[in-house]
Amino acid sequence: MTVKRIYAPPEDTTNSSMTDLFSNLIVVLVLFVLVFSSVAAYYAHQATDLYQELSEAKDRFSASQEKLVNMSEKRMRMNREIYAMLAPKLRDKVTLDPETFAISISSELLFETNSSAIDTEQFSFVDALAEAIYAIVLKYGGDTDVGDVRFSHIEICGHCDPRADSVFNRRLGADRACALIALMLPPGSVRERVMGPYVKACSMSYFSPAANVDMTGAESDQQRLERQYKADRRVTIELVMDTKDIENTIAQMARDLQLRQE
């Protein structure tokens, strides 16, 4: 029996390969579109959030600017009122800085040399000055409703000239500051109860010499030195206002400005 071989030509796989390739390309294209759409949606969402954040930062920045202007106006008004309350209490050898409201009292007015005992003739002056400061504390201190303006503290500090050593001067300055406080705030008085929490005593020894001393008429170095020493010997009373509200507002403005720049 003879077996006949039947010849079968090789299959043409070209069409099949092209179909598979085309299918793979479609799959890749679909995946690309999906990925691109997801990425685009993500960044679009991010851009929307960023725009919203920038818009809110801009609104906060504008509000902070307005708040800062209002606080400045309140402080200017307060400054004028404080100056008007203190100015009538001034006298010879007593000065008032119109910007810082630092009251400088010459030691010669209150004390003998190397002494912390206040001259009894000056008791009425000290009492009148204490009453004026007491009125300021009542108006601008504690829980008083005066908007954003708040009183911080009163610093009473003794200063000396450098003719004695720093330790002696530090003690003398502190004793004089405490003596002035004791006279201004008699123990058990209403002034002590109200002003006591605000008053701080300090001594700068000779490490904070007086500035801008008038040297008119002082021709020699010795005369100028004596004029400087005379100005150095003093007790200062500084009214310090609370600036936390301004500092916090400026800090918020800086954060918002940084966000807008980024």
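Trainee: How much space lies in the second largest pocket?

Mentor: This is a predicted model, and its pockets were computed on the protein atoms alone. The lining of the second largest pocket comprises 16 residues, with Thr113, Asn114, Asp161, Arg163 and Arg233 nearest its centre. The space in this pocket is about 240 Å³.

Trainee: Which helix supplies the largest share of the lining of the second largest pocket?

Mentor: Helix 2 (107–110) and helix 4 (166–184) each supply at least two residues of that lining. By class, the lining divides into five nonpolar, five polar and six charged residues. The largest share, four residues, comes from helix 4.

Trainee: Which strand gives the most to the lining of the largest pocket?

Mentor: The largest pocket has a volume of about 810 Å³. Of its 28 lining residues, Thr95, Ser104, Ala210, Ala231 and Arg234 are the closest to the centre. Elements that each supply at least two lining residues include strand 1 (94–96), strand 2 (102–106) and helix 6 (221–232). With four residues, the greatest contributor is strand 2.

Trainee: How is the aromatic pair of Tyr206 and Phe207 classed?

Mentor: The ring centres lie 4.6 Å apart, with 40° between the planes. Planes under 30 degrees apart would count as stacked and those over 60 as edge-to-face, so the rest are classed as tilted. The pair formed by Tyr206 and Phe207 is therefore tilted.

Trainee: The charged end of which residue sits over the ring of Phe125?

Mentor: The cut-off for such a contact is 6 Å from the ring centre. Here the distance is 5.4 Å, and the residue is Arg91.

Key
Residues numbered from 1 in each chain as written. Predicted model: local features only at pLDDT ≥ 70, side-chain atom pairs only at ≥ 80, totals over all residues. Heavy atoms only, no water. Phe/Tyr/Trp six-rings, centres within 6.5 Å; stacked < 30°, edge-to-face > 60°. Lys NZ or Arg CZ within 6 Å of the ring centre and 35° of its normal. 1 Å grid on protein atoms, 1.4 Å probe; cavity = no way out; pocket = protein on both sides within 12 Å on 5 of 7 lines; lining within 4 Å. Points joined across faces, edges and corners; volume = space filled by probe spheres on them. Nonpolar A, V, L, I, M, F, W, Y, C, P; charged D, E, K, R; others polar.
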